[in-house]
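Colleague: I want to learn how to read a helix and a sheet. Please take me through one case.

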Amino acid sequence: MTRAAKKNASAAPRVVRLSHPFGLCQLFRPLAKDGSPRPVLNETYQYGELSLRFSAREALGVPEQTLLLALLELAQEQHRRRPSEHRLDQADRSEVGSLLWASLHVQAETEAAQDLPPTLRLECSWSELHRRCGAASVGGSANDARRESLTRLCEVTVWERDGVTRTVRSCRLVSWLVGDNQRVHVALNHRLAAALLSPGYAQVLLSERLSLPSHTAMLVHAFLSTCLGQGKSISIGYETLVERLWPSGGTPVPARKRNRRLSDVRSAVDAIGRLENWKVELASTVAEVTRMQSSACASNGMPTAGAEPTEPRRPTRAAREMTRPSHFALHSSSYGEQPFWQKLSTDNGLPRNDEARTTL
């Protein structure tokens, strides 16, 4: 089937709501396919006076990002159908709920345990996870790979720091267990859950992502989906995207490797431009990217009180070329997360990466 035919025969759009910091930070990266050890995860994302630091023994790649988006999709669907069953807080007395909560907040200080924000939980089968992630096989190797990806997500600790009050707390990215009925139970970090319940979230279409030809294209697609609302445009340099995906830290990169990465990024943006809801114009060093108006995104979710009205459809001018990570920083947490920053636990500073424990 050709790409054009695949586009026309695509299934219903799968719109996933994503909290902006998780789409703008460098939490997921391209990883070597030669079986070499993964680097340590130690990423910080700063916006305004608030800081998030992601810490784990292994970096996260594209399979983990796809799995996280699928989990968010499931959580949103299940919460819509049965809100009370899929809400999770410290008062949950069910066996599965209490275990998920304890694992999610394994490093929480005792005195701060009463102030932890509620979140969402979900349950599904392994075969459902495989299908949602676009896997053609549901055999033993696919199951093992999915377990490994879910374990890596669970090992990530998210450290939250308020620069004004100088207070810090931590929470896992997700927690999970397999119940007696062999179904997978997952709890989300409260910031991920907030995007499913509040206005101001980004929208990533899993149906688009799974049709892309490369991991690089999937990473760029998730990033641009977080940057751009419907009908919006940016002009972004290929060098900017290369530095985002493969941060050099000021270390010179061999010319051959640099050129290969530039080629990968250019091909990735070109592939995104062939998607139905995107328009891309490639130049020698930059790409003009426009996210078209989509009825799927516009109708996604139930009306939310306080949501901003939809702008009328009209041509939009491109923003200036994006050349620094700071261009993508959020200036505040006003998009529905403010209550979760109240009553944080006290600490002197963010722990080192080697102080973060893992969940097995």
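Modeller: Start with terms. Helices (H or I, at least four residues) and strands (E, at least two) are DSSP runs, numbered from the N terminus. The expected span of a helix is 1.5 Å times one less than its number of residues. This is a predicted model: local features need pLDDT of at least 70, side-chain atom pairs count only at pLDDT 80 or more, and totals for chains, interfaces and linings use all residues. Residues are numbered from 1 along each chain as its sequence is written, and side-chain values use heavy atoms, without hydrogens and water.

Colleague: What span does helix 10 reach from its first C-alpha to its last?

Modeller: Helix 10 covers residues 215-227, 13 residues, and reaches 19 Å. That is close to the 18 Å expected at 1.5 Å a residue.

Colleague: In which order do the 4 strands of the open sheet lie?

Modeller: Two strands pair if DSSP finds at least two bridges between them. Here the order is 2-3-6-7, with antiparallel pairing. Strand 2 (41-47) and strand 7 (167-172) are the edges, each pairing on one side only.

Colleague: How many bridges join strand 6 to strand 7?

Modeller: There are 6 bridges between strand 6 (residues 157-162) and strand 7. One pairs R161 with V168 in strand 7.
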